[in-house]
Amino acid sequence: MEALQRIVSNLANKNGEIHNFIDMLNHTIKNVQVNSSNAISELDEEFDGLYSILDEMKGSMASTIQQEEARKVQALQDQLSQCSNALESSEELLELAAQSLDIKDPVEFLKAARQIKERVTMASAFRISLKPTVSDSMTHLMVDFALERRILQAVNFLPVPKAPEIDLAACLVADNCITVSWRMPEDDGRIDHFVLEYRKTNFGLPRVKDEQPWELIDYIKATEYTLSGLKFDTKYMNLRVQACNKAVAGEYSDPVTLETKAFVFSLDSTSSHLNLKVEDTYVEWDPTGGKGQEKVKGKENKSGGQNPLLKSNRRCSSLRSGGPSPKRTPVNTRSSVRGSRDRFTGESYTVLGDSAVESGQHYWEVRAQKDCKSYSVGVTYRNLGKFDQLGKTNSSWCIHINNWLQTTISAKHNNKTKTLDITVPDRIGVYCDFDGGQLTFYNANSKELLYTFRTKFTQPLLPGFMIWCGGLTVSTGLQVPSAVKTLQKGENVLSGSTGSLNNTA
């Protein structure tokens with residue numbers, strides 16, 4: 001019984017599959033008919049376009065022949081009119097000469113003879129050309145469409161374009177841009193446009209699994225394209241190109257892999273000061289950050305019955321009015337669950353990057369909000385204490401911008417400060433050459449040099465940021481700009497920016 005039920009069930013399933021296949025075949029037949037009708041319509045349009053071009057060309061060329069005919073006929077008619085006038089004048093002179101022969105008086109005869117001679121000398125019959133001014137040939141306006149006829153006879157349906165070939169030697173990766181260049185294996189005048197696809201990857205060779213989807217740039221008319229404004233947050237970029245004619249797209253080129261090295265980090269919210277609101281690459285002063293935290297025993301927690309939140313708000317107000325710097329805010333002294341270090345506390349309104357620089361040359365940028373009152377940008381060893389501020393230890397280096405009463409910018413290291421007589425940019429570029437012992441700050445827009453620290457780094461460096469009342473946006477995944485590389489080659493340009501704050505740490 002069970003065996004029979006299985007047989008019936010299998011038969012029913014097979015019948016269902018056949019019904020579905022029949023429906024699919026009927027649908028496919030309809031699609032073939034519709035697509036064939038569309039293809040014939042497009043064919044009619046293309047041939048009608050050819051007929052129209054041929055009719056237009058025929059009319060234009062016939063008009064040229066008619067204009068040439070009119071020009072030649074007019075020239076010959078003008079010459080015919082001149083000859084007719086000359087002949088008429090000549091006949092009059094002949095009749096006058098015949099009459100002069102009948103004059104008997106010698107004096108009158110000589111007078112008449114001189115007049116006839118003068119008129120003959122001036123007669124137009126002796127000055128006109130007896131050769132046609134134009135020929136009757138029209139061979140210069142003949143046509144031979146043998147070549148075009150052979151071309152038309154070779155007209156066929158559009159072939160599928162061949163796969164382009166990416167010229168790896170001509171590809172360029174610089175300034176967070178990728179320029180891709182390619183060529184067709186043979187000339188194909190029917191190519192309408194190209195499609196460029198790219199995707200980020202951390203694998204040197206293309207993989208089938210665990211890859212990000214391709215991103216597409218369509219309707220590229222040239223055989224070169226530059227992808228700009230990229231964030232290099234992976235090690236490599238895969239690229240491939242596809243050629244398209246009016247009807248169909250060809251096969252993709254063999255993918256190429258280009259290296260896209262850059263320093264990528266996020267802000268470490270697990271160890272940042274509780275008065276800082278941290279989101280990936282953005283940090284903002286938040287005076288309510290310590291609300292709800294357990295109070296720490298000791299003198300710092302004695303608030304005299306006042307609300308700690310109100311106290312924090314008052315401190316920020318005193319800063320905005322030009323008062324003293326913010327005092328320590330009560331925070332939970334327990335270590336972060338995920339982090340390996342205590343949270344910054346007290347007056348160290350600090351957040352660090354979650355990745356360290358251990359070698360090589362790296363670059364990142366920082367943009368401050370317009371209402372940002374005070375902030376520092378720099379690097380530090382991992383041993384920065386939870387109460388320490390950037391630039392006040394011998395293991396941290398930074399530039400500090402103060403906008404409380406007047407705008408100032410200064411370089412800080414080992415609790416020493418050097419005021420800089422420069423305009424504060426709205427975006428700061430940080431260049432770190434770990435092996436070369438150099439930390440340089442730039443105007444990220446103009447690439448103007450702000451300040452350079454020169455030292456010997458002996459431990460990994462973490463990007464560091466301090467902020468009071470305002471916000472900072474950090475841009476990572478950036479290559480060292482070409483302009484910065486050029487400036488680094490000019491030692492004379494850099495030497496003037498170094499000062500007494502340099503040391504070996």
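The model is predicted: local features need pLDDT of at least 70, side-chain atom pairs count only at pLDDT 80 or more, and totals for chains, interfaces and linings use all residues. Residues are numbered from 1 along each chain as its sequence is written, and side-chain values use heavy atoms, with hydrogens and water left out.

**Strand β11**

Select residues 282-285, which make up strand β11. Helices (H or I, at least four residues) and strands (E, at least two) are DSSP runs, numbered from the N terminus. Val283 and Trp285 form the covered face of β11, while Tyr282 and Glu284 are on the uncovered face.

Two strands pair if DSSP finds at least two bridges between them. Opposite Tyr282 of β11 you will find Glu279. The hairpin of β10 and β11 has 2 residues between the strands, and Asp280 there takes a positive phi near 60°.

Next, show residues 471-478, strand β22, which runs antiparallel to β11 and is joined to it by 3 bridges. Thr473 in β22 is the bridge partner of Tyr282.

**Salt bridges**

The structure holds 12 salt bridges. The term covers a side-chain nitrogen of Lys or Arg within 4 Å of a carboxyl oxygen of Asp or Glu.

Select Glu46 and Lys246, whose side chains meet in a salt bridge at 2.6 Å, N to O. Glu46 belongs to helix α1 (residues 2-100) and Lys246 to the loop between β7 (236-244) and β8 (249-252), 200 residues apart. For accessibility, buried means under 20% relative accessible area, exposed over 50%, and partly exposed in between (1.4 Å probe, protein chains only). Glu46 is partly exposed at 44%; Lys246 is exposed at 66%.

Move to Asp192 and Lys221, a salt bridge at 3.6 Å, N to O. Asp192 lies in the loop between β3 (177-183) and β4 (193-201) and Lys221 in the loop between β5 (215-220) and β6 (224-227), so the pair ties together parts 29 residues apart in sequence. Asp192 is partly exposed, with a relative accessible area of 36%, and Lys221 is exposed at 58%.

Then pick Asp426 and Arg367, a salt bridge with its closest N and O atoms 3.6 Å apart. Asp426 is in the loop between β17 (416-420) and β18 (427-433), and Arg367 is in strand β13 (residues 361-368), 59 residues away. Asp426, at 43% relative accessibility, is partly exposed, and Arg367 is partly exposed at 39%.
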